[in-house]
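Please read the following briefing alongside the sequence and the coordinates.

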Amino acid sequence: VDHQRLLADCAQICATSADFMIRGSNLHNRTCAVCAEICEACAQDCGSMAGDDQKMMECADMCRKCAESCRQMAA
């Protein structure tokens, strides 16, 4: 249940951050910073559960890429 909640949190903050950027909000750097934090947590969680599951490894990789992108946008 915790993992599913984290995935939902990640999807929601990504959508929210994208919305802030599309609208040109002056606060987008703040949502991007939170997005990076949540995406990194999601990457760690997916990675710890991956084992030899290719989809979980892909999830962890994509979350890491998203976290890095969000960190750059937050800067």
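Contact, as the word is used here, means heavy atoms within 4.5 Å. This is a predicted model, in which local features need pLDDT of at least 70 and side-chain atom pairs count only at pLDDT 80 or more, while totals for chains, interfaces and linings use all residues. Residues are numbered from 1 along each chain as its sequence is written, and side-chain values use heavy atoms, with hydrogens and water left out.

**Helix 2: extent and end**

- Helix 2 covers residues 28–50, a run of 23 residues, where helices are DSSP runs of H or I with at least four residues, numbered from the N terminus.
- From its first C-alpha to its last, helix 2 reaches 32 Å, close to the 33 Å expected at 1.5 Å a residue, the expected span being 1.5 Å times one less than the number of residues.
- Glycine 51 follows helix 2 and has a positive phi, near 55 degrees.

**Burial along helix 2**

- Among the buried residues of helix 2 are Cys32, Cys35, Cys39, Cys42 and Cys46, where buried means under 20% relative accessible area, exposed over 50% and partly exposed in between, with a 1.4 Å probe and protein chains only.
- The cover over the buried residues of helix 2 includes helix 1 (2–22) and helix 3 (54–74).

**Packing of helix 2 with helix 3**

- Helix 2 and helix 3 pack at an angle of about 160 degrees with their axes 7 Å apart, the axes being lines fitted to C-alpha atoms over the stretch in contact, and the angles running from 0 to 180 degrees between N-to-C directions.
- Helix 2 and helix 3 are therefore roughly antiparallel to each other, a term for angles over 145 degrees, whereas those under 35 count as roughly parallel, 65 to 115 as roughly perpendicular and the rest as oblique.

**Three residues of helix 2**

- Asparagine 29, placed in helix 2, counts as partly exposed because its relative accessibility is 31%.
- Leaving aside neighbours within four places in sequence, asparagine 29 is in contact with Met73 and Ala74, and its C-alpha is separated by 6.9 Å from that of alanine 75, 46 residues apart along the chain.
- Arginine 30 also lies in helix 2, and at 59% relative accessibility arginine 30 counts as exposed.
- Threonine 31, in helix 2, counts as buried at 12% relative accessibility, and threonine 31 touches Ile13, Ser17 and Phe20, not counting residues up to four places away in sequence.

Technical notes. Helix = DSSP H or I, 4+ residues; strand = E, 2+ residues; numbered from the N terminus.
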